[in-house]
There are 2 protein chains.
Amino acid sequence: MTAHPWNSLYRDSSPPASEDDCLALINDLFPERSGHFPLARDDDCAFLRLSSPALALSTDAFLEDVHFRSAYFTPAEAGAKALTAAVSDLAAVGAEPLGFSLGLFLPPILSRAALAGCLAGMAEKSRSCGIILTGGDLSRGPRLGFCLTVWGAPAAGDAPFAARGRAGPGDVLFLAGRAGLARVGFMALEKTGRQALGRYPEACAAHLAPPLLLAEGQALVRLAGQDPSLSLMDCSDGLARDLPRLLAGRGADLEIPRGEIHADVLRAAEDWGLAPESLVLAGGEDYSLAGACPPSLWPRIRRDVPLARALGRVRPDALFSCNGAPLRLEDLAGFDHFRPGNYSNARLKMF
Amino acid sequence: MTAHPWNSLYRDSSPPASEDDCLALINDLFPERSGHFPLARDDDCAFLRLSSPALALSTDAFLEDVHFRSAYFTPAEAGAKALTAAVSDLAAVGAEPLGFSLGLFLPPILSRAALAGCLAGMAEKSRSCGIILTGGDLSRGPRLGFCLTVWGAPAAGDAPFAARGRAGPGDVLFLAGRAGLARVGFMALEKTGRQALGRYPEACAAHLAPPLLLAEGQALVRLAGQDPSLSLMDCSDGLARDLPRLLAGRGADLEIPRGEIHADVLRAAEDWGLAPESLVLAGGEDYSLAGACPPSLWPRIRRDVPLARALGRVRPDALFSCNGAPLRLEDLAGFDHFRPGNYSNARLKMF
């Protein structure tokens, strides 16, 4: 494993000089203001002035050794992914990102340079998705951690949005984004560190710097607002765990042809002696969007969301199959932080 | 030290059964809804519908071994204080609490009963201040931790509020709430655990279950909105650190008569061989509100905010004195998570 910028920064012994030094760093890197955030950040509260009384809001934690490893994330990747993971919840409901508040936990051994790297990565990502840092809280923590609360303007004006469990038998099940790719990247990075970028480049990138499907989410939610037969959710815990939630009791006949599985997933399945379909179904954290719609709506979805791919058909009963063979989803269920028997299947090992 | 409910719960080996089990616990304990939060919590985002486009918003972390010790906090006290600490930022700007989003970090050894205790304490506090849990994020963490983002309706409609640094020479410096009491409680609890409740009961209570000055904050902010000569801020890091921020470059002649220092602070000063005034000035986390106003406004503040006590007078220069003697505030500066030389002065020891 080659020398890694994070580790060397972690080891250098020049921490931020003070809390004010950290705040200065943040103010330098996040200079943006917007109409909805007119005041300075160093007051006790951020004061927001929204253009609409409707708000979509979500909190997401991104903790070292739970959600990421400093052994193979660069600081900039860690900061950017913390924000991507949080904003993906806004993407999943088609909301336009507006602002975020940052809880930041810094271990004493973290250098100022590593902190600056994290914040720079986060700042660059915030500009690319048009979201403004309005404030937050700094404190010591046993390990580096981020806890972000993000908010945005709902796509459908002030109408609340809930689109799970609308699917009927025969509906087309679809996915915008990848399934399983990020998990392959995670497993490979866990095994060999950043060396894994050589053999599984896009899988590693899917874990280190996942895409954010904001436009796709907005297009799908617009359609779901017009057509109540469209079901939709983000697929963060893996298809095996999220499909039952999306379908709320119904099953599905899945079609996962080898030709549509990503080359990195096929390569990993061969290297590790696993079925590629199980990697596709069990993998989480791809930040993809899963949905189901009547066949009549499917052409419109393919047109508006070119990334969307058909995954199969919804069944009248609660059973699942994959490529014609019966499938027990619970055997490859995705990630549950809390189910004791599931730790070996966790995104990262537990403490 | 007597047996302690938290420790015994921490040691029992029955963790929550699953993430869904944790969510069920949360939904049981936080059944409240409000007009501004019409949808269920288990969607990807909370959808809020606000009655005003103006929002005051703040994030606050409350982490084990940084902000509290499980050795002497009961689970209910820890959960309640996590919320109090966050809502105190709303109190400081006179905002009416509306909702909060909860990042929750659970170590595997935490029992379900301890988690239930934390959440029950937080739920009771949320009802007493009228704030609604709208969602959040659960994850593993190396130690128990809470990261709350709270929001509320600003007191002064949609006018942004900033009231530091308005003070002029001769202005009355005042404090609503205690100074130094919570720090004495913290130091005593660190020394002897909950035994300290016997000798310093109100000081320990000020650390374990601090008051929330919502009505006082609203009254003061209303006055500050009417009279731009009133300066105001919450005093969370201790007078020594916060007074220079409030006065933005000016000094003050402080009067801290022994007769107005809390009996627990006087007792601790005697027990520990310290000057009681230094405990008053250095202590943080009392969640009190400090302000400065022209003498003509002072009678009105005393009437509207009976808790407010005069602390002294603002000086034309940047110097400070206490009871007639020169005072170097930097010698007893309050808490900075990040200043290396300040660790011995920290609320809790660093890792």
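Me: Where in chain B does A248(B) lie?

Reply: This is a predicted model. In it, A248(B) belongs to the loop that connects helix 9 (239–247) with strand 8 (252–254) of chain B. The backbone there has a positive phi of about 45°, although A248(B) is not a glycine.

Me: Is A248(B) buried or exposed?

Reply: Burial is judged by counting other C-beta atoms within 10 Å, and a residue with 12 or fewer is exposed. A248(B) has 11 such neighbours, so it counts as exposed.

Me: How many residues of helix 9 of chain B are buried?

Reply: A residue is buried when 20 or more other C-beta atoms lie within 10 Å of its own. Seven of the nine residues of helix 9 of chain B are buried, so the helix is largely enclosed by the rest of the structure. Among them are L239(B), L243(B), L246(B) and L247(B), and the buried set also includes R241(B) and D242(B).

Me: Against what do the buried residues of helix 9 of chain B pack?

Reply: Their partners are strand 7, strand 8, helix 11 (276–282), strand 9 and strand 10 (308–314) of chain B.

Me: In what order do the strands of the open sheet in chain B stand?

Reply: In general, strands of a sheet pair through backbone hydrogen bonds, in either a parallel or an antiparallel manner. Here seven strands of chain B form an open sheet in the order 7-9-6-10-8-11-12, with mixed pairing. Strand 7 (231–235) and strand 12 of chain B are at the edges; each has a single partner strand, so one side of each has no neighbour in the sheet. On average, neighbouring strands of this sheet are turned by 30° against each other, direction ignored.

Me: How many bridges join strand 11 to strand 12 of chain B?

Reply: Three bridges join these strands, which run antiparallel. Within this pairing, S321(B) stands opposite P326(B) in strand 12 of chain B.

Me: Which residues of strand 9 of chain B point one way, and which the other?

Reply: In a regular strand, side chains alternate between the two faces of the sheet. In strand 9 of chain B, S288(B), A290(B) and A292(B) point one way, whereas L289(B), G291(B) and C293(B) point the other way. Six of the six residues of this strand are buried, and strand 9 of chain B is mostly covered.

Me: In what sense does strand 9 of chain B pair with strand 6 of chain B?

Reply: The pairing is antiparallel, over five bridges. L175(B) stands opposite A290(B) of strand 9. Strand 7 of chain B also pairs with strand 9 of chain B over five bridges in the antiparallel sense, and there D234(B) stands opposite L289(B).

Me: Across which strands does helix 8 (residues 214–226) of chain B lie?

Reply: Helix 8 of chain B lies across strand 6 (172–176), strand 7 and strand 9 (288–293) of chain B, and it runs at about 20° to strand 9.

Me: Let us turn to chain A. Which domains does the assignment give for chain A?

Reply: The domain assignment gives domain 1 (5–32 + 49–153) and domain 2 (172–343). Their contact takes 15 residues from domain 1 of chain A and 18 residues from domain 2 of chain A. On the domain 1 side, nine of the touching residues are nonpolar, three polar and three charged. The C-alpha centres of the two domains lie 27 Å apart.

Me: Where in chain A is the confidence lowest, and where is it highest?

Reply: The mean pLDDT of chain A is 86, and 86% of its residues reach 70 or more. Confidence is lowest in helix 1 (residues 5–11) of chain A, with a mean of 58, and highest in helix 7 (residues 201–208) of chain A, at 98. For the complex, the predictor gives an ipTM of 0.88 and a pTM of 0.90.

Definitions and conventions: Residues are numbered from 1 along each chain as its sequence is written. Chains are lettered from A and ligands numbered from 1 in the order in which they are written. This is a predicted model: local features need pLDDT of at least 70, side-chain atom pairs count only at pLDDT 80 or more; totals for chains, interfaces and linings use all residues. Domain bounds come from an automatic or database domain assignment. Two residues are in contact if their C-beta atoms, placed from the backbone, lie within 7 Å. Ala, Val, Leu, Ile, Met, Phe, Trp, Tyr, Cys and Pro count as nonpolar, Asp, Glu, Lys and Arg as charged, and the others, Gly among them, as polar. Helices (H or I, at least four residues) and strands (E, at least two) are DSSP runs, numbered from the N terminus. Two strands pair if DSSP finds at least two bridges between them. Axes are lines fitted to C-alpha atoms, for helices over the stretch in contact, and angles run from 0 to 180 degrees between N-to-C directions. pLDDT is the predictor's confidence in each residue, from 0 to 100.
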